[in-house]
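Here are my notes on the model, as numbered points. They start with single residues and end with the whole chain.

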Amino acid sequence: MSSADEALSPVVSHVDAIVVGAGFMGVYTLYRFLKQGKSVRLFEKGSGVGGTWFWNSYPGARCDVESMEYSYQFDDALQQEWEWTERYASQPEIRRYIEHVVDRFDLAGNMQFDTAVTSVIFDDETGHWIIETDNGDRVSATYCVLATGCLSQPIMPNIEGLESFSGRMEHTGLWPDEDIDFTGLRVGIIGTGSSGAQCLPEISKTAAQVKVFQRTPAYCVPSQNRPLDPDVQAYMKQNYKKIRDKAWTTRAGIRYGLTDRMALEMPPEERERYFEASWQRGGIGFTATFFDLFDSLEANETACVFVRKKIHEIVDDPVTAEKLCPHDVIGCRRLVVVNDYYESFNRPNVELIDVSEKPIERIAPGGVVVGDETHELDIIVLATGFDAITGALTRIDIRGRNGVVLKERMLSDPKALMGMMFSDFPNLFTANGPGAVAALSNMVPMIEFSVDWMMDCIAYLERDGKKTIEPKHDAEDAWAKHVDDMATASLYVSCSSYYLGDNVPGKPRKFLLFQGVPEYVEMCTALANEGYKAFNVE
Ligand code: FAD
Ligand code: N01
């Protein structure tokens with residue numbers, strides 16, 4: 001057997017590391033392990049790399065953090081050579097970028113696609129993980145990295161009769177790898193979060209009719225997406241280190257975030273000018289216009305009022321405009337960043353169906369039933385979101401020391417030290433688990449930070465001739481308490497959101513995200529620098 005055949009063999013007896021998932025995290029983890037000369041296999045249930053950017057190929061999908069920042073920074077040559085074409089890259093371009101990284105660093109030989117990991121079981125005798133897949137692989141590994149994503153488990157809406165629909169139905173997070181031609185079709189979009197809002201402007205360009213079923217309006221700000229000016233790109237590349245360094249100092253890890261201006265300390269006209277400037281600049285930095293927007297309900301309301309005014313200015317029909325106006329706290333759910341969302345409601349073929357008071361009753365063979373009316377449709381787009389943060393972890397049978405079941409813990413008291421490691425689960429790593437900054441940040445840099453932390457941790461372990469490392473229970477509890485305390489003192493708990501698990505029946509209501517990139521980085525770094533005292537090391 002050639003070494004290439006051996007690498008592709010579906011059954012491996014023992015490797016240093018198994019990586020599950022081939023998104024931004026899995027790809028970088030694989031790169032780091034290989035660089036350290038480790039034997040490693042990566043399993044991915046999809047049939048290609050990209051993770052989020054493989055699965056979410058719906059029309060209009062693109063990032064909401066500028067591409068020059070929503071990209072790897074571990075290799076300067078890679079940063080310098082890759083040319084982004086738009087300020088916010090589209091899904092196909094991001095997928096091509098990740099494929100380029102895989103080719104450039106020769107990673108494909110260690111990846112196995114169309115393979116879902118079904119169980120990850122710790123063997124108390126050998127101190128190794130036994131990983132099984134739906135393809136019949138059974139592999140033993142010293143380390144296991146769950147790069148399974150925090151927004152990777154799509155959820156179907158809890159609506160009766162879903163399977164009875166006679167037309168076509170697609171979830172944005174499981175979009176088929178094909179161009180769907182909407183020309184002349186009657187389309188229903190259920191859900192008005194980021195996915196639904198990105199779909200609408202694209203689909204409504206060709207569809208005969210689009211009905212948008214809205215239960216809760218979202219705050220949308222324009223991205224002001226445009227082709228990336230080559231001079232801007234060149235400038236950013238020349239100053240990449242400075243720009244990246246600045247981003248590490250901001251709350252969300254995005255360079256537009258530093259301000260000490262207070263909304264409530266400013267005369268209304270001046271405040272308005274700042275909001276207008278942020279709106280015109282576009283993007284997620286809108287909620288960073290003033291420092292106090294996340295600290296005070298009164299300050300937050302000034303931003304809400306501004307967006308509601310914009311909605312009324314943009315949308316011609318005042319009744320539709322009013323229905324599109326959110327009345328909760330801005331930023332409490334992820335801000336939606338998209339061009340032409342509100343403008344789409346001025347198209348004659350787009351209609352808003354408000355299902356906030358009268359919910360969707362059921363799906364019938366012909367369409368969506370609300371009250372007495374059946375909205376006849378050819379295709380239904382489910383933009384209904386994800387079982388976030390813990391969803392992918394609970395779909396795998398993961399058992400640690402003495403058979404402790406991770407799923408039970410995630411469904412009762414979800415926690416992980418740094419959002420990365422679980423007590424009783426030695427040498428098992430993830431990123432963006434409960435207690436990480438995850439969706440409150442620019443996630444690619446955070447993924448790199450977490451993977452670098454893991455690699456340092458493994459190097460420490462091996463340098464000392466030790467075999468296993470896992471967080472102590474009290475350290476994990478203290479981390480979870482800190483996350484909880486921050487949440488309780490924040491505005492995030494004031495609305496319902498997937499951050500709190502509200503969108504998944506039976507999920508415990510708990511805000512699982514750490515707030516603030518700089519403090520997160522500092523605390524994780526301290527845990528290592530103080531000699532891993534918060535961990536049991538054997
Ligand atoms: P993912 O990209 O989710 O990859 C996880 C992979 O693990 C998937 O390919 C999945 O198939 C695989 N997997 C899961 N379970 C198993 C299993 N049991 N066996 C085998 N394989 C498995 N974040 C931002 O910061 N900025 C953005 O602009 C942004 N845009 C987004 C747009 C969309 C549409 C979505 C859904 C999310 C967006 N996010 C954004 C969040 C995004 O998920 C992260 O930025 C990032 O891509 C996550 O990378 P990851 O590798 O951790 O996980
Ligand atoms: O999912 P969501 P998403 N009847 O959970 C509605 C990232 N992302 O896929 O709010 C009617 O936000 C639900 O209504 P409600 C980003 O982090 C980024 O859009 O529960 N409606 C809601 O409107 C984002 O935050 C981008 O009342 C029903 C919607 O479905 C995260 O992924 C693009 C319903 C779900 O919204 C998730 O975004 C895409 C029902 N029965 C995703 N059930 C970028 O722009 C659910 N809904 C970068």
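1. In which loop does asparagine 427 lie? The loop is the one between helix H14 (406-412) and strand S18 (428-430). The model is a predicted one, and the remarks below should be read as remarks on a prediction.

2. Asparagine 427 deserves a look at its backbone. Its phi is near 60°, which is a positive value in a residue other than glycine. With a relative accessible area of 1%, asparagine 427 is buried; the cut-off for that class is under 20%.

3. Aspartate 114 also has a positive phi in a residue other than glycine, here near 50°. Aspartate 114 sits in the loop that runs between strand S3 (111-112) and strand S4 (117-123).

4. On helix packing, I would point to helix H2 (residues 24-35) and helix H15 (residues 443-463). Their axes are 10 Å apart and meet at an angle of about 35°. The crossing of H2 past H15 is right-handed.

5. Which residues make the contact between H2 and H15? From H2 come Phe24, Met25, Tyr28, Thr29, Arg32 and Phe33. On the H15 side they meet Val444, Ile447, Glu448, Val451, Asp452, Met454, Met455 and Ile458. By class, the residues of this contact are 10 nonpolar, one polar and three charged.

6. For the protein as a whole, the secondary structure comes to 17 helices and 20 strands. The radius of gyration is 23 Å, close to the 24 Å that the globule rule gives for 538 residues, so the protein is as compact as a globular protein of that length. Along the principal axes, the C-alpha atoms fill a box of roughly 70 × 55 × 45 Å.

7. Burial and surface can be taken together. Of the 538 residues, 59% count as buried.

8. Last, the contacts along the sequence. Taking contacts between residues at least 6 apart in sequence, 72% join residues at least 24 apart. The packing of H2 (residues 24-35) with H15 (residues 443-463) can be viewed beside that figure.

Note on methods:
Residues numbered from 1 in each chain as written. Chains lettered and ligands numbered in written order. Predicted model: local features only at pLDDT ≥ 70, side-chain atom pairs only at ≥ 80, totals over all residues. Heavy atoms only, no water. Axes fitted to C-alpha atoms, helices over the stretch in contact; angles between N-to-C directions. Helix = DSSP H or I, 4+ residues; strand = E, 2+ residues; numbered from the N terminus. Left-handed = near helix turned anticlockwise from the far one by under 90°. Contact = heavy atoms within 4.5 Å. Nonpolar A, V, L, I, M, F, W, Y, C, P; charged D, E, K, R; others polar. Rg over C-alpha atoms; globule rule 2.2 N^0.38 Å. Buried < 20%, exposed > 50% of the residue type's maximum accessible area, 1.4 Å probe, protein only.
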